[in-house]
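Biologist: I would like to go through this model and ask what stands behind the terms used for it. Could you show it first?

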Amino acid sequence: MTNFAEIKNTPHVRNDSQHLPRRAMVRALPIVFATAFVMPGVIAPLPASAADNAVTVEISNFVYSPKVITVAPGTTVTWVNHDDIPHTVTATEEAFRSPPLDTEDTFKFTFTTPGEYAYFCALHPQMTGGVVVKPAAG
Ligand SMILES: [Cu+2]
């Protein structure tokens, strides 16, 4: 930012100022790309920052929401069952397995190893969800 101000105030570079908008656009590009990555698909919150290491998945009407989340290693995910019948959170690859959760019961699991963790409800196997664990970019 100070660079732009200096350029503007320096007479011998001033007639080069038509390049300024282009340079500003180049600076904005990484932000545009980052936004584009977050938009598509069901993969909900973007990779959590280091400070944001807790995520909640709501269970309601036989649906895990968000259905698929992407988190940084070390993130603790808490599932909360809002239905009035029991559900479980059961990893397909057995990384974690909750007991049946009654209404408003919670289950927590801390993900330390990067990977993709599919899970389902052992009582209603059509209920599925996923956790993608990957290091934050940069
Ligand atoms: Cu269930």
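Predicted model: local features only at pLDDT ≥ 70, side-chain atom pairs only at ≥ 80, totals over all residues.

Biologist: What makes β7 and β8 a pair?

Modeller: Two strands pair if DSSP finds at least two bridges between them. β7 and β8 are joined by six bridges, in the antiparallel sense, so they meet that definition. β5 and β7 also run antiparallel, with two bridges; one of the links is between Thr90 and its bridge partner in β7, Phe120.

Biologist: How many helices and strands are there, and what counts as one?

Modeller: The protein chain has three helices and eight strands. Both are DSSP runs numbered from the N terminus: helices are H or I over at least four residues, strands are E over at least two. The order from the N terminus is α-α-α-β-β-β-β-β-β-β-β.

Biologist: What makes β3 and β5 edge strands?

Modeller: They belong to an open sheet of four strands, ordered β3-β8-β7-β5, with mixed pairing. β3 and β5 each have a single partner strand, so one side of each lacks a neighbour in the sheet.

Biologist: Which strands form the other open sheet?

Modeller: Its order is β2-β1-β4-β6, again four strands with mixed pairing. β2 and β6 are the edge strands here, each pairing on one side only. On average, neighbouring strands of this sheet are turned by 20° against each other, direction ignored; the axes are lines fitted to C-alpha atoms, for helices over the stretch in contact, and angles run from 0 to 180 degrees between N-to-C directions. β1 and β2 pair antiparallel over three bridges, and Ser60 has Val63 in β2 as its bridge partner.

Biologist: Why is a set of residues called a nonpolar core?

Modeller: The name is for buried Ala, Val, Leu, Ile, Met, Phe, Trp, Tyr and Cys residues joined through C-beta atoms within 7 Å. The largest one has 17 residues, and Val57, Val71, Val77, Trp79 and Val131 have the most contacts inside it. β1 (54-60), β3 (68-71), β4 (75-81), β6 (106-111), β7 (115-120) and β8 (128-133) each supply at least two of its residues. β1 gives the most, with three.

Biologist: Which residues does Val131 touch, its neighbours within four places in sequence aside?

Modeller: Val131 is in contact with Ile69, Val71, Val77, Phe111 and Tyr117. Contact means that the C-beta atoms, placed from the backbone, lie within 7 Å.

Biologist: Is Asn61 buried or exposed?

Modeller: A residue is buried if 20 or more other C-beta atoms lie within 10 Å of its own, exposed if 12 or fewer, and partly exposed in between, with C-beta atoms placed from the backbone. Asn61 has 8 such atoms within 10 Å and is therefore exposed. Glu94, with 7 C-beta neighbours inside 10 Å, counts as exposed too. Of the 138 residues of the protein chain, 19% count as buried.

Biologist: What makes the backbone at these two residues worth a remark?

Modeller: Most residues other than glycine have a negative phi, and most peptide bonds are trans. Asn61, in the loop between β1 and β2, has a positive phi near 55°. Glu94, in the loop between β5 (90-91) and β6, has a positive phi of about 65°.

Biologist: Where is a cis peptide bond found?

Modeller: It joins Ser65 and Pro66, with omega about -5°. Pro66 is placed in the loop between β2 (63-65) and β3.

Biologist: Where does pLDDT stay under 50?

Modeller: pLDDT is the predictor's confidence in each residue, from 0 to 100. It stays under 50 over residues 1-21, for which the model has three contacts beyond four places in sequence, and over residues 28-44, for which there are nine such contacts. The chain mean is 77, with 62% of residues at 70 or more.

How values were computed. Residues numbered from 1 in each chain as written. Contact = placed C-beta atoms within 7 Å.
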